[in-house]
Amino acid sequence: MKKVKIGVLVSGSGSNLQSIIDQIEQGRLQAEIKVVISNNPNAYALERASRHHLAVQVVNHLDFRQREDFDRQMIEVLMACDVELVVLAGFMRVLTPLFLHSFSRRVLNIHPALLPAFPGLHVQQQALEYGVKFAGCTVHFVDDGVDTGPIIIQAVVPVFDDDTEDTLAARILREEHRIYPQAIQFYAEGRLEVQGRKVVVADVRQSDDKASYNPPVVIFTT
Ligand code: GRF
């Protein structure tokens, strides 16, 4: 099967980048990372990429006066590397319409909340303060809003009474590492169809027998 050529944009630790690399190396994700771009020269993600001999490029947003100029530079790098799909993995800058038009419906993001609840920043803390019983993560296509694009996959985790921002973030992150490579694989297989706000994944079996309850309840069947 043909591999999808991806460019991964990072700003920080790069644990999602790592999960993508691992799934590719294990033959479970038909993708090729053509370049990793970081806006942050000190991002640990860059070390992870180099360790796996990937092409890396720092495009520091502080070097650009206008957001469009920063985006234009990234577009140039991505196009020179023949990237088909842009994967935002812990990338902390908002892209301009200029960028999104260059890669229309070809930019994915992962967000550590169950959108449309808690868009933006520090969302695990917001979820705790709100008192939700479930949290989770979302992979979505990027549109020109912040965390508003059509949703591809979500995963749900429970929120426990004694959770801190860190324990909840870690529980969510484990799910991020599972669903992001899966979403990219769906894209690679050409199985994602956007119908307005809705993304339909071709050929998935859906069932309601794994519903989640909080607090957990025992269902008696007679
Ligand atoms: C993740 O929760 C991601 O969803 C968010 O930043 C966090 C760190 O990601 N946007 P990573 O370890 O840099 O992939």
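**Figure 1. Leu-17 sits in helix α1 of this predicted model.** Helix α1 covers residues 15–25. Leu-17 has 0% relative accessibility, so it counts as buried. Leaving aside residues up to four places away in sequence, Leu-17 touches Val-8, Val-10, Ile-33, Val-36, Ala-45, Arg-48, Ala-49 and Ala-89. Take Ala-45 from that list. Leu-17 and Ala-45 are 28 residues apart in sequence, yet their C-alpha atoms are 7.2 Å apart in space.

**Figure 2. Helix α1 crosses helix α6.** Helix α6 spans residues 165–188. The two axes come within 9 Å and cross at roughly 50°. That angle makes α1 oblique to α6. The crossing is right-handed. On the α1 side, the contact is made by Ser-15, Asn-16, Ser-19, Ile-20 and Gln-23. On the α6 side, Leu-173, Glu-176, His-177, Tyr-180, Pro-181 and Ile-184 take part. Sorted by class, this contact has 5 nonpolar, 5 polar and 1 charged residues.

**Figure 3. A salt bridge links Glu-84 and Lys-2.** Side chains of opposite charge can pair when their charged atoms come close. Across the whole structure, a search finds 7 salt bridges. One of them joins Glu-84 to Lys-2, with the closest N and O atoms 3.6 Å apart. Glu-84 lies in the loop between α3 (67–80) and β4 (85–88), and Lys-2 in the segment before β1 (4–10), so the pair ties together parts that are 82 residues apart in sequence. Glu-84 counts as partly exposed, at 21% relative accessibility. Lys-2 counts as exposed, at 60%.

**Figure 4. Glu-32 and Lys-34 form a salt bridge.** Their side chains meet at 3.8 Å, N to O. Glu-32 is partly exposed, with a relative accessible area of 36%. Lys-34 also counts as partly exposed, at 26% relative accessibility.

**Figure 5. Arg-72 pairs with Asp-69 within helix α3.** The side chains meet in a salt bridge of 2.8 Å, N to O. Both residues lie in α3. They are 3 residues apart, about one turn of the helix. Arg-72 counts as partly exposed, at 42% relative accessibility. Asp-69 counts as partly exposed too, at 29%.

**Figure 6. Leu-115 and Pro-116 are joined by a cis peptide bond.** Omega is about 10° at this bond. Pro-116 is found in the loop between β5 (107–111) and α5 (123–130). Most residues other than glycine have a negative phi, and most peptide bonds are trans.

**Figure 7. His-53 has a positive phi.** The value is about 60°, although His-53 is not a glycine. His-53 lies in the loop between α2 (44–51) and β3 (56–58). With a relative accessible area of 73%, His-53 is exposed.

**Figure 8. His-122 has a positive phi.** Here phi is about 50°, and His-122 is not a glycine. His-122 lies in the loop between β5 and α5. His-122 is exposed, with a relative accessible area of 60%.

How values were computed
Residues numbered from 1 in each chain as written. Predicted model: local features only at pLDDT ≥ 70, side-chain atom pairs only at ≥ 80, totals over all residues. Heavy atoms only, no water. Helix = DSSP H or I, 4+ residues; strand = E, 2+ residues; numbered from the N terminus. Buried < 20%, exposed > 50% of the residue type's maximum accessible area, 1.4 Å probe, protein only. Contact = heavy atoms within 4.5 Å. Axes fitted to C-alpha atoms, helices over the stretch in contact; angles between N-to-C directions. Parallel < 35°, antiparallel > 145°, perpendicular 65-115°, else oblique. Left-handed = near helix turned anticlockwise from the far one by under 90°. Nonpolar A, V, L, I, M, F, W, Y, C, P; charged D, E, K, R; others polar. Salt bridge = Lys/Arg side-chain N within 4 Å of Asp/Glu carboxyl O.
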